[in-house]
Structure formats: structure tokens, C-alpha cells
Amino acid sequence: MSNIPEDLKYTKTHEWVRTNGTEVEIGVTDFAQKQLTDVVYVDLPEVGKEIKSGDTLLTVESVKSAEEVFSPVTGKITAVNKELESKPELINQEPYNSWLVKIKLNEEIKGTLTAEEYRKLTGQ
């Protein structure tokens, strides 16, 4: 059973979104990190990059595959979690504390799922 916190929003492609005013943190869900298995590398984007909802944000590599992470929002990347460069395994250990990027929103968040909707999607 995956951990699915109630206070976050989720996507059908297994990203989570934590809102803090006009900025959001984005990460990979517990369900996704379990599917990936051992994360060994995170290809972080550049701070300052403009991103659109649905665009590829970055790539997460595990011992078994490389998966794209998609942006659930439109905006500008204001920070990346540099700690993941040397400790990508934090995504497996603490998926909801190991944010990947912070994005300043250009528009409202659309198309995300509640925790209940995400549980139904994943069968959790």
C-alpha cells in the first residue's frame, strides 16, 4: 500500500504537487518510486526555465529504467533540489519530502487529482 497524503494534489502520471501561495513544489509519488525501484540519478532542469503544463520537466533514472517526470503546472522554475544530485535515493526513502523542483505559477493549477481520486487511479 502506498502512502498518499491528503494535503497534496496528484497527477495521472504520478507526480505530486504541494502548493505554497503562488509557488508549488513537485515530486514523485510513493507509488511511482516503488514502481521505479532504486533511484540512482535525477537529471534536474535549470533554474529560470519556463515550463508548460504537460511538458517533460526532468528524467529520473533507476536501476531498471529511466522515466520522464511531467510538469503538472505552467510557470518558471525557481529552485531545484540539489541534494538529489548526490543523494537520489532520497526519492525512495522520503518521496514526499524529496521535492524535485519549485515552480512559480503563471496560471491556476488544472487537471490534478485529490488524494481519493489518486487512490482510485492506483488501486491503493
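The UniProt annotation "modified residue: N6-lipoyllysine", from an unreviewed entry, covers K64; UniProt positions follow the numbering used here, feature names are shortened, and annotations may be inferred rather than shown by experiment. This is a predicted model, in which local features need pLDDT of at least 70 and side-chain atom pairs count only at pLDDT 80 or more, while totals for chains, interfaces and linings use all residues. Residues are numbered from 1 along each chain as its sequence is written, and side-chain values use heavy atoms, with hydrogens and water left out.

- K64 sits in the loop between β6 (56-62) and β7 (66-70); strands (E, at least two residues) and helices (H or I, at least four) are DSSP runs, numbered from the N terminus.
- K64 counts as exposed because its relative accessibility is 56%, where exposed means over 50% relative accessible area, buried under 20% and partly exposed in between (1.4 Å probe, protein chains only).
- Setting aside neighbours within four places in sequence, K64 is in contact with Q35, L36 and T37 (contact means heavy atoms within 4.5 Å).
- A polar atom of the K64 side chain lies 2.9 Å from the backbone oxygen of Q35.

**Two residues with positive phi**

- Most residues other than glycine have a negative phi.
- T37, one of the residues K64 touches, isn't a glycine, yet has a positive phi of about 70°.
- You'll find T37 in the loop between α1 (30-36) and β4, and with 30% relative accessibility it counts as partly exposed.
- H14 is another non-glycine residue with a positive phi, near 75°.
- H14 belongs to the loop between β1 and β2 (15-20) and counts as partly exposed, at 21% relative accessibility.

**A nonpolar surface patch**

- V40, Y41 and V63 make up a nonpolar patch on the surface, together showing about 290 Å² of accessible area (Shrake-Rupley method, 1.4 Å probe; for residues, only the protein chains shown count as cover).
- Patches take residues with over 30% relative accessible area and no salt bridge, joining like charges within 9 Å and nonpolar side chains (Val, Leu, Ile, Met, Phe, Trp, Tyr) within 5 Å; a salt bridge is a side-chain nitrogen of Lys or Arg within 4 Å of a carboxyl oxygen of Asp or Glu.
- Y41 is in strand β4 (residues 39-43) and is partly exposed, at 40% relative accessible area.

- S2 falls in the segment before β1 (9-10).
- S2 counts as buried because its relative accessibility is 13%.
- Beyond neighbours within four places in sequence, S2 is in contact with D30, F31, K34 and Q124.

Conventions:
A polar contact is a pair of N or O atoms within 3.5 Å; within protein, one must be able to donate a hydrogen and the other to accept it, and residues adjacent in sequence count only if both atoms are side-chain atoms.
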